[in-house]
Every structure is written in C-alpha cells, then in structure tokens.
Amino acid sequence: MSRIKYVFRDAWRLVWRHFGMSLLTVFTAMTVFFVVGATMLFILNIQNIVRAMEGQLSINAYVKPGTDLNAFAESVKKMENVSEVTIITKETALERLRARLGNQANAVTLLGENPLPSSLEVKVGSAADVSDMARMLVAMPEVEDIVYAGHVAQKLSRLAAFVRRFSIVMLIIAVTASAVVLFNTIRVSVYSRAEEISVMLKVGATSTYVAFPFVIQGFILGLSGALFASAAVGYSYFRAVACLKDMLPFLSYIESYRYLGKLSLVLILCGTVMSLIASLVAVEKFIRKAGKPL
Amino acid sequence: MDTQQYIQFSGVSKVFPPDINALENIYLNVSKGEFVYLIGETGSGKTTLMRCLSREVLPTRGTISVGGRVLRKMGRFELALFRRDIGVVFQDFALLPNLTAFENVAFVLEIMGMPRREIEARVMDVLKTMGIWRRRMLYPQQLSGGEQQRLAIARAVVNEPSLLLADEPTGNLDNHTADEIMQLLLDINAAGTTVIMATHNQYLVDCYKHRVVELWRGRIVRDDPEGGYEGNVEN
C-alpha cells in the first residue's frame, strides 16, 4: 500500500519539480489535440454540408391519371434507399405554382381546369442512388414520366465520395502527426531524467516502480492537454461558426451542444490514452537501455 | 550458504571494447562480515570489480556469486531485490538531483515499501550520524562535495545492507572527516555487514588494518589478510 502511495507522490513530484518541462508537454499536447479536434470538426461539417445537399436532391415521378396515389406512395416507400416520399396532388401542384408565380398568381385562372399531373416527390439516402432510383421508377407502370437533376446528382455523388476519402486521409495525417509529436515530447521529457532513472535502478528500484510515476505523469499531462484543447476547440468553433453564418448563411453547420460534447469526450479520451501509451513506450524503452549491464 | 565464501569471483575477466582488459582472471573469495580494502593505481580495475559486484558490469568470462546467488543468472526483478540488499557508495555519488537530501535517503526505503514513520525515523538517524541533518531539505547541488559524499554514504547504509560497496568514500574529505566516515564504516562492519572499500587513502589503510587486495592492470597482485598500503610483494 505504501508503495502505491509513493508511486503517486513521485508522479506528482515529476509534474511539479519539472514544471517547465511539464508546461511544455501540456502545451504541445494541447496544440496537437487542438489540431486533431479542429480537423475532426472540419471533416464533420463538410460531411454535414454534403449530406444536406444530398438530402435536397429529389426525383419527381409523375403518375398516370387514375392511379391510387396513397397505395403507390406506400409501394415506393418500401423500395430500397428511399428516405422520404411526398405525395403532390394536382391541387398541391397548383398551389405550388401559384406560390412560385407570386404577384402573377392570378394568371393560373387562365388555365381553366387544373392541367397539372399528380406526382410523388421521392428522396433517396445519397446522391449516388438517385440515377438507379430514377431508372426503377420510370420502369413502373404507374409512372408516366420522371424529372430529376441527373447531372447535379452525379457531381454531388462524386463530391461525397471525395469528401469521404479526404476525411479519412486528413484524420490519419492529423492523428499520426499528433502521435509522433506527442511521443517525442514525452520522450524528451523522460530522457531529461535519464540520470535519475539510471540511479533509481542502481539502488534497487524495480522497472515497474520507476516506470509508473512517468506513466501517471503522462496521463496527467495528456489529460490536461486534452482538456485545454477541448475547451479551446469548442470556444473557437462557435466563434468561427458565428462568422461563417454571416458570410455563408446557406450552408448548414453542426451546432448541437450534445454532439460537440460527445466529440470533446472522444478527444479527451483518445488524447489521454495516447499520452499514456507514449509515456509507457518511452520510459520502458529507456529503462531497458539503462538497466542493461555493460 | 557457505559463510566462508560469501562473495566468490571465479576466473573473472572483463574486456571492454575494443580490447581493454579491465579485469583479468580474477579469483577472489570474501567471507561474510569481512572488511576488504581494494587498492591500486587509477585504472587498475577497482571500480570495474565493484561494478561487477553490483552487476552494472557483466564479466566477459567467469562467474561471480554473492550469498550463493550467481549474478549473471539474475532476472530484472531478482536483480532489483539483490540491489536492495547491498549498499553502494558510487564514485560520482549518483544522487537524485531532483530530490532533497532527505528524499534521496528515504527513496531507498520507499522502494522497499517501508511505512512512512519508520522511514522518517531511520533517515533522521542516519543523517544525524552523518552530520547533515540540518541540510536535509537541500538538493544535492546545493551541498558541498563533502556533504554530497556523506549523503551518498547515508543512502548506502540506511537499509542496513548485508554488503556495502564503497568506491572512494573518503575521496573528497579531509583526514578528520575521513576518520569519522571510516569509523562509521567500521561500525557498520561490526554489525555484520561485509564491506568492500576501494581507496587511494594510504593513511586509512595503514591506520585501520584490514585485508588488502591490490590490483594492477586488472590482476590481483596482492591479497594480504592484514596489510598496509605499501605491500612487500613485488608487482
């Protein structure tokens, strides 16, 4: 029991008696976690924007007169990749036309009987599915014609695929760079105490006794860095979103506190575990070297 | 355990790269509770021999055993336990720079898992004996060379080791202080600890007669049960 107490006290000593080094490690950890957090938010927002654009893509399927709209809508809903089906009756179509015409809405009275056909507005999960869905709809006997932005769907589909690949690459680069920087900072911190580690082993400390304070120190510093980074990412993100909403109000941004809270938790957890592993590897490597007889 | 042969060197040689023969075919037996001076000029192999005993150095040939345990065969954990049972006064003191004098001495007892109260009592005792109790809150670099040396000795003896290796423990001290330190080492020896002391201090070797082992170019050239610094054996 005493030994555990001493180990924790030694870890605390390591943090406070090498305050400059500790501060440097926390600052480095904070910077790298900030970069990872900012990258994650950037990626998630891009994905969110693309998803929102994909969600706006729809196929208008004009149905033949006399078709039971509700029954047909139900059968379309059951099709794969369909996310939403809206029934547009002849009356709704006319209302929409009136709304679109604005001041000249009265012009529709010139049409006499409502010539607009009933239709279904079909939305699919992703832009990549739009063309296939359009092909399936046009082959159905109830459908007279379809209208959809095929060219836009194709481009959006390519953009979504690119964003997915880009996100993975960006995240891998950010996490790898952060891990390397953090590992080296912790290694420098451990190496600056090389003499101490060597003496501790010489007077009979076990490898575990020597390593544990360093690992706990890594945990404390990594956790501090991740907490500061998480706060900094949160603060600067909301400031950035406020600015962007002024400049690009038509884009949709992630603003859910709950979602951002979860993201912070992931950042803190990953940051702490990363620091812990970096400390363990650095100190173990050095202990092995220091403990080797000449 | 054979008490007559507490420490055994059997044909021990150590060659440092590229081809420096630090020790050559050493056969040495030391009984439990014995006090042995290791003498010889600089570079004769005294420190290497001591470092072999604490297993900081592994011999190129031969075996060393202490208390029946063969040092080469020890694993990491067993080695740590062995080192807790020996006290070492390093030539360069090897103090922990970020711990105070008190903490440096206490560290040895902490790794053994001793309760705080006992540690405080023991450390106070040994620091008072060494005459550095009032300097206990200072860091090693704030102490003089002599004080650092006393601190290194205090750390080496606080766990009442069964073997004490002292490499030039009086190197930085005047004769009066050296006498005090010597008296302390003799007291420790009288309590049953085997002491091996490497020294250049002719005065101490001649004054406090004990077994003298003289090294020359890595070989034992004199092993005198109660000799002085200057032996009568021709090298």
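A cavity is a set of grid points where a 1.4 Å probe fits but cannot get out. Keep that in mind for the opening stop. The model you have open is predicted.

**Stop 1: the enclosed space**

Rolling a probe the size of a water molecule over the atoms shows where empty space is left. Here the count comes to three cavities of 30 Å³ or more. Go to the largest cavity, which holds about 150 Å³ of space. Its lining has 15 residues. Select A:D10, A:L14, A:E196, A:M200 and B:L99, the lining residues nearest its centre. Now colour three helices of chain A: α1 (2-17), α7 (194-202) and α8. Each of these supplies at least two residues of the lining.

**Stop 2: the two domains of chain A**

Zoom out to chain A. Select 2-53 together with 157-291 for domain 1, then 58-148 for domain 2. The centres of the two domains, taken over C-alpha atoms, are 51 Å apart.

**Stop 3: the nonpolar cores**

In soluble globular proteins, nonpolar side chains tend to be buried together. The largest nonpolar core here has 111 residues. Select B:F9, B:L127 and B:I196, which touch the most other members. Then show helix α8 (residues 207-247) of chain A, which gives this core its largest share, eight residues.

Return to B:I196. What does B:I196 contact beyond its neighbours within four places in sequence? The list includes B:I7, B:V30, B:V36, B:L38, B:M50 and B:L53. It also includes B:L163, B:L164, B:L165 and B:A166.

**Stop 4: B:L163**

Step across to B:L163, in strand β7 (residues 163-167) of chain B. Is B:L163 buried or exposed? B:L163 is buried, because its relative accessible area is 0%. Leaving aside neighbours within four places in sequence, its contacts include B:Y6, B:I7, B:V66, B:D85, B:I86 and B:G87. B:T193, B:T194 and B:I196 are in contact with B:L163 too. Next, draw a C-alpha to C-alpha distance from B:L163 to B:S54. The pair is 109 residues apart in sequence and 10.0 Å apart in space.

**Stop 5: B:Q148**

Select helix α5 (residues 145-157) of chain B and find B:Q148 there. B:Q148 counts as buried, at 18% relative accessibility; the cut-off for buried is under 20%. Apart from neighbours within four places in sequence, B:Q148 contacts B:F93, B:L95, B:P140, B:Q141 and B:L143.

**Stop 6: backbone exceptions in chain B**

Most residues other than glycine have a negative phi, and most peptide bonds are trans. Start at the loop between β1 (7-16) and β2 (20-30), where B:P18 sits. The peptide bond from B:P17 to B:P18 is cis, with omega near 0°.

Move to B:E168, in the loop between β7 and α6 (175-190). Phi of B:E168 is positive, near 50°. B:E168 is buried, with a relative accessible area of 11%.

Then select B:R217, in the loop between β9 (210-216) and β10 (219-227). Phi of B:R217 is also near 50°. B:R217 is exposed, with a relative accessible area of 57%.

**Last stop: cysteines**

How many disulfides are there over all chains? The count comes to zero. A:C243 is partly exposed, with a relative accessible area of 46%. B:C207 is partly exposed as well, at 43%.

Terms used
Residues are numbered from 1 along each chain as its sequence is written. Chains are lettered from A and ligands numbered from 1 in the order in which they are written. This is a predicted model: local features need pLDDT of at least 70, side-chain atom pairs count only at pLDDT 80 or more; totals for chains, interfaces and linings use all residues. Side-chain values use heavy atoms; hydrogens and water are left out. Domain bounds come from an automatic or database domain assignment. Helices (H or I, at least four residues) and strands (E, at least two) are DSSP runs, numbered from the N terminus. Buried means under 20% relative accessible area, exposed over 50%, partly exposed in between (1.4 Å probe, protein chains only). Contact means heavy atoms within 4.5 Å. A disulfide is a pair of cysteine sulfur atoms within 2.5 Å. A nonpolar core is a set of buried Ala, Val, Leu, Ile, Met, Phe, Trp, Tyr and Cys residues joined through side-chain atoms within 4.5 Å. On a 1 Å grid over the protein atoms alone, a cavity is a set of points where a 1.4 Å probe fits but cannot get out, and a pocket is an open set with protein on both sides within 12 Å along at least five of seven lines; lining residues have an atom within 4 Å of a point. Grid points are joined across faces, edges and corners, and a volume is the space filled by probe spheres set on the points.
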